[in-house]
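Trainee: Could we go through this model together? I would like to begin with charge pairs and then turn to the overall fold.

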Amino acid sequence: MLDARRMQVLHEVVTRGTVTAAAEALGYTPSAISQQVAALEKQAGIALLERVGRGVRPTMAGRLLAKYAAVIGEQVAEAEAALADLRAGRSGRLSVRYFATAGAVLVAPALARFRRERPDVLIDLGMTDPDDPLPEVLRGRADLAVVVRPRGLPHQGVRLDHLLDDPYLAVLPTGHPLAAEDVLELADLAGEPWVCGERPGPCLDALLAGCAAAGFHPEFTVDGEDYATAQGFVAAGLGVTLIPRLALSGPHPGVVVRDLRDPAPVRSIHTAVRETSLGQPALNALLSALHGRPQAP
């Protein structure tokens with residue numbers, strides 16, 4: 001196999017016309033340059049230079065290899081520049097996973113801010129509902145995920161950084177007796193039929209933990225599967241439910257929404273990245289955009 005470094009030496013000799021000039025340009029001795037060219041000629045099995053007066057000129061084979069050496073040199077320079085951009089976080093690709101209600105409110109504005117700062121970094125976005133996005137990070141399928149997890153609960157191999165607490169609100173039919181109250185105690189809903197708007201997972205766990213703290217377990221009589229459908233069942237008078245504030249940007253006209261207290265259940269939203277990925281400039285910049293911190297240059 002031809003030695004690419006020796007080909008670069010040959011290119012320098014051909015470009016400058018003498019071994020001495022090539023040696024000065026590369027910082028070698030003329031003897032070292034001649035040895036490199038001789039070794040390349042041995043690899044090639046054909047003469048590459050011929051003497052002309054005090055200089056040299058390339059043979060047909062020498063011109064051929066010098067041409068390819070120039071291309072290789074350009075590609076190496078491009079590779080070095082691309083690698084520098086990647087190290088600095090100016091290029092590359094990041095995979096981001098999130099659940100539905102985090103998309104418009106949290107992910108979209110952060111991504112817009114990130115792209116203004118680093119327009120050449122490609123972002124692979126994916127929504128995982130109804131599945132939990134954290135396993136995508138654990139399996140290496142995502143560089144970053146927006147997840148729901150109890151606050152302060154560590155997860156091995158993953159860095160969880162708190163974004164915000166999203167409180168659950170009570171959703172009642174408009175004619176419900178408790179609809180006249182501005183704020184409800186969660187225990188007031190203990191004896192009600194419930195509509196479930198959550199799939200099994202961290203969000204439902206947060207809801208059930210809040211009810212347990214209020215001293216009861218909700219009696220689900222209807223499974224709405226998602227927040228919009230659950231609101232429709234509530235509006236029809238089939239029960240009450242709790243829905244996170246981020247998911248209530250457009251309440252159903254047949255329901256009323258009330259704050260809760262004693263306790264007020266919340267789902268804690270975090271960013272999740274593998275600990276082994278920390279320190280990557282582009283990833284750190286995206287984390288900063290999500291958390292509202294200034295991005296590093």
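This is a predicted model: local features need pLDDT of at least 70, side-chain atom pairs count only at pLDDT 80 or more; totals for chains, interfaces and linings use all residues.

Trainee: How many salt bridges does the structure hold?

Mentor: There are eleven salt bridges in the structure. One of them joins the side chains of Arg-149 and Asp-132, at 2.4 Å from N to O.

Trainee: Where do Arg-149 and Asp-132 lie?

Mentor: Arg-149 is in the loop between strand S5 (144-148) and strand S6 (158-173), and Asp-132 is in the loop between strand S4 (121-127) and helix H6 (134-138). The pair therefore ties together parts that are 17 residues apart in sequence.

Trainee: Is Arg-149 buried or exposed?

Mentor: Arg-149 counts as buried because its relative accessibility is 16%, and the cut-off for buried is under 20%. Asp-132, at 23%, is partly exposed.

Trainee: Which side chain does Arg-159 meet in a salt bridge?

Mentor: Arg-159 pairs with Asp-161, at 2.9 Å from N to O. Asp-161 is buried, with a relative accessible area of 18%, whereas Arg-159 is partly exposed at 38%.

Trainee: Let us change topic. Which side chain makes a polar contact with Ser-268?

Mentor: The side chain of Asp-165 does, at 2.6 Å. Ser-268 is located in strand S12 (residues 266-274), and it is buried, with a relative accessibility of 8%.

Trainee: What else is in contact with Ser-268, leaving aside neighbours within four places in sequence?

Mentor: Besides Asp-165, the contacts of Ser-268 are Val-147, Val-148, Arg-149, Arg-151, His-162 and Leu-164. Arg-149 in that group is the residue whose side chain forms the salt bridge with Asp-132.

Trainee: Now the nonpolar residues. Which members of the largest core touch the most other members?

Mentor: They are Phe-114, Leu-144, Val-146, Leu-189 and Leu-242, in a core of 56 residues. Helix H9 (residues 281-291) supplies the largest share of this core, seven residues.

Trainee: What does Leu-242 touch, beyond residues up to four places away in sequence?

Mentor: Leu-242 touches Tyr-168, Leu-169, Ala-170, Leu-186, Leu-189, Trp-194, Leu-207, Leu-260 and Pro-265. Leu-242 lies in strand S10 (residues 241-244) and counts as buried at 1% relative accessibility. Its C-alpha is 9.6 Å from that of Gln-231, eleven residues away in sequence.

Trainee: Which residues does the second core include?

Mentor: The second core is separate and has 16 residues, including Ala-22, Val-37, Leu-40 and Val-56. Leu-40 belongs to helix H3 (residues 30-44) and is buried, at 0% relative accessibility.

Trainee: With which residues is Leu-40 in contact, again leaving aside neighbours within four places?

Mentor: These are Leu-2, Asp-3, Arg-6, Met-7, Leu-10, Leu-48 and Leu-65.

Trainee: To finish, the whole chain. How many helices and strands are there?

Mentor: The protein chain has nine helices and twelve strands. Of its 297 residues, 42% are buried.

Trainee: What is the radius of gyration of the protein chain?

Mentor: The value is 33 Å, whereas a compact globule of 297 residues would be near 19 Å. Along the principal axes, the C-alpha atoms fill a box of roughly 110 × 30 × 30 Å.

Trainee: What share of the contacts with a separation of 6 or more joins residues 24 or more positions apart?

Mentor: That share is 72%. As for the surface, the accessible area of the protein chain is about 15600 Å², and 53% of that belongs to carbon and sulfur atoms.

Technical notes:
Residues are numbered from 1 along each chain as its sequence is written. Side-chain values use heavy atoms; hydrogens and water are left out. Helices (H or I, at least four residues) and strands (E, at least two) are DSSP runs, numbered from the N terminus. Buried means under 20% relative accessible area, exposed over 50%, partly exposed in between (1.4 Å probe, protein chains only). A polar contact is a pair of N or O atoms within 3.5 Å; within protein, one must be able to donate a hydrogen and the other to accept it, and residues adjacent in sequence count only if both atoms are side-chain atoms. Contact means heavy atoms within 4.5 Å. A salt bridge is a side-chain nitrogen of Lys or Arg within 4 Å of a carboxyl oxygen of Asp or Glu. A nonpolar core is a set of buried Ala, Val, Leu, Ile, Met, Phe, Trp, Tyr and Cys residues joined through side-chain atoms within 4.5 Å. The radius of gyration is taken over C-alpha atoms; the globule rule is 2.2 Å times the number of residues to the power 0.38. Accessible areas come from the Shrake-Rupley method with a 1.4 Å probe; for residues, only the protein chains shown count as cover.
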